[in-house]
Amino acid sequence: MVSQSLSQQSTPILSATAHDIRHIAAVLRGVNFGTHQRATVDILPAGLTILVEEARSLIAQAYLPLSAFETYEYSPPDNLSAAGGHTASDGVHFEIDLYALLTCLDMFGTAGGPSQTGSTLRTQKSRNTNKEDGEWGENDDTRGIERYFSSDKVTGMRMSYIGEGHPLTIIISEEGSGPVTSCHITTFEPEPAELALPFDDEDKVVKVILKSSWLSEALTELDSCDKLTILCTPPTVPLPQSNSEPPSSFFTNRTAASKARFRLLGTGSFGSTEIDFPNDRDVLETFECEERVSFSYRFSHIHRASRAMQGSVKTSLRINDEGVLDLQFMMPTAKLRSNDGDNPFIEFKCMALEEDL
């Protein structure tokens, strides 16, 4: 049987190490939506991908390239090509409890923060600010074994996977003479994907690249809304009339608002709020739009991306002609492999509301 031959493989399919797990944990937290969150893990020659589906309308995928690891070795099973006609480049797939994985990574409290999701964008922003300001564990060195749990400690990881039917093994160790623990996380056979949202870059009608902090702050102002409408106007088309007088603009001066080409409109039970981004290189690093575009989305779906957005450096927003929204967040990395320039990133895709299709 396939499982028997895989289990007898002498070399692990995956063997990877990371000196500091905080960057990896931050990427994984970006696609974790709660406890008992199932995720599909793909082990590929170029790194790991972690896929999560939500409510058959949202796809979140995290990419951990080689640069996220200090060492990364992928050895495809000997009979992979015989198992359904697959090749080594197709990788190996299994399901895992993502929340359990995050809990293991944060075993010593040094993975960068809790893995549970917050209730609002504003709350998450406040929590992240507290972590960056160093308000955790300042006096831990004076209390027995808790001295190992201070936030300034670096935790390393060794991850391995033997094959089908075997757990994902993670060894977590503190630097120096700190504690060491071994975690074995149950893996499952992956279920067929229920949602497919292909996105061909040639079909895009909008592309915007900007600082993640700017978009996150703007969405914080809209977190009481039920629906988010994204409106984009090309430079050659007159700007649409604002629905509110005066508009609640992210850029309050009239000159900036008059140049707005990228607008977020939040609509809820108590009215609407507009936030305008001018087509200025200091604001929008990239703005590509050839025709007027307007698509609406459930704000709850956009909110799912809040943690990934707040932990990222830049955001790429694309929309295709069918209204599929593609958000890509470039995450920071330790750059352990100087020759591998790819950054880890997180991708969210969701469908527009049917009223706009």
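## A buried glutamate

Glu95 is buried, with a relative accessible area of 8%. That counts as buried because the cut-off is under 20%. The model is a predicted one. Glu95 sits in strand S6, which covers residues 92-97.

The side chain of Glu95 has two polar partners to look at here. A polar contact of 2.9 Å joins the side chains of Glu95 and Arg38. A polar atom of the Glu95 side chain also lies 3.3 Å from the backbone nitrogen of Glu191.

## Helix H3

How many of the eight residues of helix H3 are buried? Six of them are, so the helix, residues 98-105, is largely enclosed by the rest of the structure. The buried residues in H3 are Leu98, Tyr99, Leu101, Leu102, Cys104 and Leu105.

Asp97 caps the N-terminal end of H3. A side-chain oxygen of Asp97 lies 3.1 Å from the backbone nitrogen of Tyr99. Tyr99 is itself one of the buried residues of H3.

## Salt bridges across the chain

Side chains of opposite charge can pair when their charged atoms come close. The count of salt bridges in this model comes to 10. One of them joins Glu54 and Arg304, with the closest N and O atoms 2.8 Å apart. Glu54 lies in strand S3 (residues 47-54), while Arg304 lies in the loop between helix H7 (299-303) and helix H8 (306-310), so the pair ties together parts that are 250 residues apart in sequence. Arg304 counts as partly exposed, at 28% relative accessibility.

A second salt bridge pairs Glu288 with Lys204, at 4.0 Å from N to O. This pair also links distant parts of the chain. Glu288 is in strand S15, Lys204 is in strand S11 (residues 204-211), and they are 84 residues apart. Both ends are partly exposed: Glu288 has a relative accessible area of 37%, and Lys204 is at 24%.

## A linked network

Which residues are linked in a network of salt bridges? They are Asp201, Lys204, Glu288, Arg318 and Asp326.

Asp326 and Arg318 form another pair, at 3.4 Å from N to O. Are these two buried or exposed? Asp326 is buried, at 0% relative accessibility. Arg318 is buried too, with a relative accessible area of 10%. The network therefore holds buried residues, including Asp326, and partly exposed ones, including Glu288.

Seven names make up the next feature. Asp200, Glu202, Asp203, Glu290, Glu291, Asp321 and Glu322 form a negative surface patch.

Take Glu290 as an example from the patch. Where is Glu290 placed? Glu290 is in the loop between strand S15 (284-289) and strand S16 (293-298). Glu290 counts as exposed, at 78% relative accessibility. Glu288, in strand S15, is partly exposed instead.

Most residues other than glycine have a negative phi. His36 has a positive phi of about 60°, although it is not a glycine.

His36 lies in the loop between helix H2 (22-29) and strand S2 (38-44). Is His36 buried or exposed? His36 counts as exposed, at 65% relative accessibility.

Technical notes. Residues numbered from 1 in each chain as written. Predicted model: local features only at pLDDT ≥ 70, side-chain atom pairs only at ≥ 80, totals over all residues. Heavy atoms only, no water. Patch = residues over 30% accessible without salt bridge, like charges linked within 9 Å, V, L, I, M, F, W, Y side chains within 5 Å. Areas by Shrake-Rupley, 256 points an atom, 1.4 Å probe, with all protein chains shown as cover. Salt bridge = Lys/Arg side-chain N within 4 Å of Asp/Glu carboxyl O. Lys, Arg positive; Asp, Glu negative; His and termini not counted. Charge placed at Lys NZ, Arg CZ, Asp CG, Glu CD. Helix = DSSP H or I, 4+ residues; strand = E, 2+ residues; numbered from the N terminus. Buried < 20%, exposed > 50% of the residue type's maximum accessible area, 1.4 Å probe, protein only. Polar contact = N/O pair within 3.5 Å; in protein donor to acceptor, adjacent residues only side chain to side chain.
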